[in-house]
Amino acid sequence: MVRNQYVKLVLAWMLVFTMFAGGLGQKAAAAAVTVTVKVLGEKGAVLSEKQAEIGETDTAFDALAKAAGTDAVKFEQYSFGKMITEISGLAATDTVYWGFYINGISAMTGADSYKPQAGDTLTFRYESEPPAGKVNLVIKGKDNEPKEFKDIAFIDKPNAFQLLQTVAGQENVSYVQYDFGKMISSIYGLEATNTSFWGFYVNGESQMVGAESYPLKNGETIAFNYDTFTPPAEEPGKSETEKDVDVYPADKFAGDLNGTLEHVLKNNQLGEWEAIALKQAGKPIPADYLKEVAKKVADRKGQFRNITDYERYTLGILAAGGNPENFAGYNLVEGIYNGDFTRQGLNGAAYGLIALNSAGFSIPVDAKWNQEKLKAHLIANQGGDGGWGLDLEAGSDPDTTAMVLTALSPYKDEEAVKPAIEKGLAYLKQLFAAGKVDSSPATAQAVIALSALGLDANTGIITADGKTLLGYLASFRQPEGGFAWKAGDEADPLSTAQGVQALVAYQLYKDGKGSLYTFAVDPSAGENPAIEQNVNETGKEGAGKEDGHRLPDTATNGYTMIAIGMFLLASGGMLLAVARRKRA
């Protein structure tokens with residue numbers, strides 16, 4: 001069984017499931033808080049939406065009176081509290097009433113019994129029946145019957161954490177606030193410990209995102225389960241790296257690296273990623289590669305629709321000894337620093353930063369983007385779980401997370417960047433420790449990231465079955481040298497391209513030679529007569545065709561991204577990798 005090091009990783013994984021995005025500092029009572037009060041009239045028409053500042057002892061009813069005006073709110077007093085009968089002239093009848101919602105969740109208590117928290121949205125809805133959106137909530141403690149709440153109505157776009165607080169009662173949900181987000185410490189007084197935690201589930205499946213990052217969907221069952229974990233006994237006298245961890249043998253690695261490089265050359269598999277791997281492994285790159293790229297650039301007159309095309313060609317040209325600032329008469333680097341990073345998600349921004357840092361390029365002061373702007377953009381778009389995805393709304397995935405970590409690696413010691421890298425690494429560790437990563441491309445990207453950060457992929461992350469990250473990647477390698485997408489598959493070009501990059505990246509780390517994407521640029525390399533002659537001879541034949549391999553893309557929405565993945569299949573990338581992983 002996996003021992004102490006794996007135990008720590010698994011515990012970190014389990015705790016991350018209950019981490020939710022938020023501000024800094026633990027929650028604390030305040031003398032006054034600001035809330036938003038919404039009043040919805042017939043057919044959901046917004047009658048008013050105002051902010052109200054209320055005192056520590058004020059209730060949601062008091063907030064309504066302050067926002068709408070005392071004279072506009074009428075009620076009847078019962079032994080159980082106030083029942084609102086009219087707001088702004090709309091009176092309750094036998095068939096229409098005023099519903100009360102806390103952060104979009106149908107309240108379990110009356111407005112005069114709920115003490116709002118700062119930032120709450122309190123909605124009063126004139127309705128004849130509950131809204132269509134409904135969910136179930138299950139809270140299962142230790143050795144007792146679960147508490148079940150069925151058909152809880154909701155409006156707008158509340159999240160699972162708001163559901164928990166509203167239904168269970170904020171006084172029954174405690175959490176600790178860290179800089180990376182909230183971690184539930186107790187529900188109904190049942191405290192999390194070193195070997196227990198509150199897990200977050202949707203329709204019975206454990207989630208990779210925090211509850212506060214998960215928007216409710218009609219018909220789902222949201223569950224918070226008190227899960228426990230029993231650490232295996234440690235074997236005395238062994239160091240952490242010796243305790244049942246399958247370290248990948250150094251002599252086997254050397255043979256596998258050479259075999260995969262030979263496989264790439266033998267199969268004439270030469271795109272940008274293979275060119276990078278060959279260059280950094282000290283292998284010759286066939287001269288035809290640079291000529292073919294020059295023709296593509298000339299055919300397109302140096303203009304490409306996707307920012308990632310500029311990035312991958314820049315890296316490939318550098319690897320082959322060319323100068324992307326002056327290649328076939330065009331400056332491809334300009335297409336990066338003056339490009340549009342909004343269309344292709346964070347993988348485009350990550351490789352934009354990688355490309356701009358790959359050589360000593362000259363970036364004008366008036367450029368739309370530079371290293372500092374891209375770095376800030378990536379950090380600002382880190383998810384609450386510590387990972388990165390195509391965008392914040394799509395959620396985090398291991399592929400994009402690894403790419404961003406690689407991009408941020410040159411800044412790993414900066415005060416503003418170090419915490420982001422640490423959170424990203426923690427996210428990757430918990431995914432691999434939990435057995436949630438089952439594709440070689442995602443594993444390859446993680447090996448590249450760790451190597452760029454100066455971390456050993458043969459010790460730093462341990463998978464669920466006790467393999468190191470490097471050993472897990474090797475499990476996808478086929479006898480002929482190629483890499484399969486998933487266990488049991490045959491080798492394919494996309495997985496092989498990323499697998500060979502990962503092996504080379506690790507070798508660079510072991511040799512102390514830096515990142516996979518660091519090159520020197522020769523200012524005179526752009527005007528190669530052989531390249532120009534090739535372009536002139538071939539003319540415009542094939543103009544507009546996009547051959548070769550795209551940047552590794554990621555996907556987060558299964559069906560939508562599958563369609564995009566099929567379109568991009570000929571040029572390769574990570575888009576399909578993540579889609580297939582998430583459907584599995």
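The model is predicted: local features need pLDDT of at least 70, side-chain atom pairs count only at pLDDT 80 or more, and totals for chains, interfaces and linings use all residues. Residues are numbered from 1 along each chain as its sequence is written, and side-chain values use heavy atoms, with hydrogens and water left out.

The secondary structure comprises 18 helices and 17 strands. Helices (H or I, at least four residues) and strands (E, at least two) are DSSP runs, numbered from the N terminus. The chain has 584 residues, and 55% of them are buried. Buried means under 20% relative accessible area, exposed over 50%, and partly exposed in between (1.4 Å probe, protein chains only). The chain exposes about 25400 Å², of which carbon and sulfur atoms supply 49%. Accessible areas come from the Shrake-Rupley method with a 1.4 Å probe; for residues, only the protein chains shown count as cover. Among contacts with a separation of 6 or more, 66% link residues 24 or more positions apart. A contact means heavy atoms within 4.5 Å.

An open sheet is formed by 5 strands in the order β3-β2-β9-β7-β8, with mixed pairing. Strands β3 and β8 (105-106) stand at the edges with a single partner strand each, so one side of each lacks a neighbour in the sheet. Two strands pair if DSSP finds at least two bridges between them. Strand β9 (residues 121-127) is mostly covered, with 6 of its 7 residues buried. Strand β2 (residues 32-40) runs parallel to β9 and is joined to β9 by 5 bridges. Strand β7 (residues 97-102) runs antiparallel to β9, and 6 bridges join the two. Opposite G99 stands R125 of β9. Opposite V39 stands F124 of β9.

T36 belongs to strand β2. T121 of β9 stands opposite T36. T36 counts as buried because its relative accessibility is 16%. Leaving aside residues up to four places away in sequence, T36 touches E49, K50, Q51, D120, T121 and L122.

Helix α2 lies across β2, β3, β7 and β9, and runs at about 120° to β3. Axes are lines fitted to C-alpha atoms, for helices over the stretch in contact, and angles run from 0 to 180 degrees between N-to-C directions. In α2 (residues 60-68), the buried residues are A60, F61, A63, L64, A65 and A67. Their cover includes β2, β3 (46-55), β4 (73-78), β5 (81-87), β7 and β9. Just after α2, G69 takes a positive phi of about 100°.

Two helix pairs were examined elsewhere in the chain. Helix α10 (residues 371-380) packs with helix α11 (residues 398-408) at an angle of about 145°, their axes 11 Å apart. The crossing of α10 and α11 is left-handed. A crossing is left-handed if the near helix is turned anticlockwise from the far one by less than a right angle, and right-handed if clockwise. K375, L378 and I379 of α10 meet V404, A407 and L408 of α11 in this contact. By class, the contact of α10 with α11 has 5 nonpolar, no polar and 1 charged residues. Ala, Val, Leu, Ile, Met, Phe, Trp, Tyr, Cys and Pro count as nonpolar, Asp, Glu, Lys and Arg as charged, and the others, Gly among them, as polar.

Helix α7 and helix α9 (residues 346-356) pack at about 30°, with axes 9 Å apart. The crossing of α7 and α9 is left-handed. I307, T308, E311, T314 and L315 of α7 make the contact with G348, Y351, G352, I354 and A355 of α9. The residues of this contact divide into 5 nonpolar, 4 polar and 1 charged.

Most residues other than glycine have a negative phi. D151 has a phi near 55°, a positive value in a residue other than glycine. D151 lies in strand β11 (residues 147-153). D151 counts as exposed because its relative accessibility is 53%. K301 has a positive phi of about 55° and is not a glycine. K301 lies in the loop between α6 (287-299) and α7 (307-319). K301 counts as exposed because its relative accessibility is 54%.
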